[in-house]
Amino acid sequence: MYNDKICDHFMNPRNIGVLEKPDYIVEIGNPICGDTIHLYLEVKSKKVTDIKFQAYGCTGSIATASILSEVIKGSTFEEISSYNKEFVTESLGELEPSQMHCIDIGINILSYSSEPWKHIKVKTDYLVEEGELVE
């Protein structure tokens with residue numbers, strides 16, 4: 001069972017989608033469960049001014065991306081890099097043992113967003129857009 005915050009962000013994800021001209025696109029993946037998140041970042045003066053994400057994964061990973069996108073938006077790279085595992089754990093709320101991998105995904109979202117030039121994403125064609133026909 002997911003907590004209320006995870007349910008809310010899964011049912012009403014914030015900052016979901018794609019930026020038309022992002023400064024950076026980074027990919028966060030979990031090789032164990034296959035969850036994949038793409039972050040689209042718009043940056044000005046070392047500050048993330050806008051963020052969007054696409055996610056392929058479980059309820060927890062989608063909610064994690066939504067929750068942390070709200071943290072990242074408007075933050076400087078230095079502020080983002082200051083957040084740690086405890087911050088992510090508190091931000092997500094109580095999790096079941098099977099959902100604990102979301103903490104690692106959250107840590108990677110913050111880490112990659114604080115230095116996006118080190119994690120630039122190239123290929124995006126395997127993600128499915130809403131309403132897109134999968135053949």
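Leaving aside its neighbours within four places in sequence, with which residues is threonine 64 in contact? Threonine 64 touches Leu92, Cys102, Ile105, Gly106 and Ile109, where contact means heavy atoms within 4.5 Å. The residue lies in helix H2. At 0% relative accessibility, threonine 64 counts as buried; buried means under 20% relative accessible area, exposed means over 50%, and partly exposed lies in between, with a 1.4 Å probe and protein chains only.

The model is predicted: local features need pLDDT of at least 70, side-chain atom pairs count only at pLDDT 80 or more, and totals for chains, interfaces and linings use all residues. Residues are numbered from 1 along each chain as its sequence is written, and side-chain values use heavy atoms, with hydrogens and water left out.

## Overall organisation

The protein has five helices and three strands. Helices (H or I, at least four residues) and strands (E, at least two) are DSSP runs, numbered from the N terminus. Read from the N terminus on, the elements follow the order α-β-β-β-α-α-α-α. Of the 135 residues in the protein, 39% are buried. Among contacts between residues at least 6 apart in sequence, 61% join residues at least 24 apart. The accessible surface comes to about 7,800 Å², and 51% of that surface belongs to carbon and sulfur atoms; such areas come from the Shrake-Rupley method with a 1.4 Å probe, and for residues only the protein chains shown count as cover.

## The sheet and its helices

The three strands form an open sheet in the order E1-E2-E3, with antiparallel pairing. Strand E1 (24–29) and E3 are the edge strands, since each pairs on one side only. The twist averages 20 degrees from one strand to the next. Two strands pair if DSSP finds at least two bridges between them.

E1 and E2 are joined in the antiparallel sense over six bridges, and isoleucine 25 has tyrosine 40 in E2 as its bridge partner. The hairpin of E1 and E2 has six residues between the strands, and glycine 34 there takes a positive phi near 85 degrees. Between E2 and E3, which run antiparallel, there are nine bridges. Threonine 36 has tyrosine 56 in E3 as its bridge partner, while glutamate 42 stands opposite aspartate 50 in E3.

Helix H2 (residues 59–72) touches E2 and E3, and its direction makes about 175 degrees with that of E3. Helix H5 (residues 101–114) touches E1 and E2, and its direction makes about 155 degrees with that of E1. Axes are lines fitted to C-alpha atoms, for helices over the stretch in contact, and angles run from 0 to 180 degrees between N-to-C directions.

Seven of the nine residues of E2 are buried, so E2 is largely enclosed by the rest of the structure. Histidine 38 has its place in strand E2 (residues 36–44). Histidine 38 is buried, with a relative accessible area of 0%. Its side chain makes a polar contact with the side chain of glutamate 27 at 2.8 Å. A polar contact is a pair of N or O atoms within 3.5 Å; within protein, one must be able to donate a hydrogen and the other to accept it, and residues adjacent in sequence count only if both atoms are side-chain atoms.

## The turn between E2 and E3

The hairpin of E2 and E3 has two residues between the strands. Serine 45 is found in the loop between E2 and strand E3 (47–56), and lysine 46 lies in the loop between E2 and E3.

| Residue | Phi | Relative accessibility |
|---|---|---|
| Serine 45 | near 50 degrees | 73%, exposed |
| Lysine 46 | near 60 degrees | 63%, exposed |

## Aromatic pairs

The structure holds three aromatic pairs. The rings of tyrosine 83 and phenylalanine 87 have centres 4.2 Å apart and planes at 20 degrees, so this pair is stacked. Rings of Phe, Tyr and Trp (its six-membered ring) pair if their centres lie within 6.5 Å; planes under 30 degrees apart count as stacked, over 60 as edge-to-face and the rest as tilted. Tyrosine 83 is partly exposed at 27% relative accessibility, and phenylalanine 87 is partly exposed at 24%. Tyr24, Phe77 and Trp117 form one aromatic cluster.
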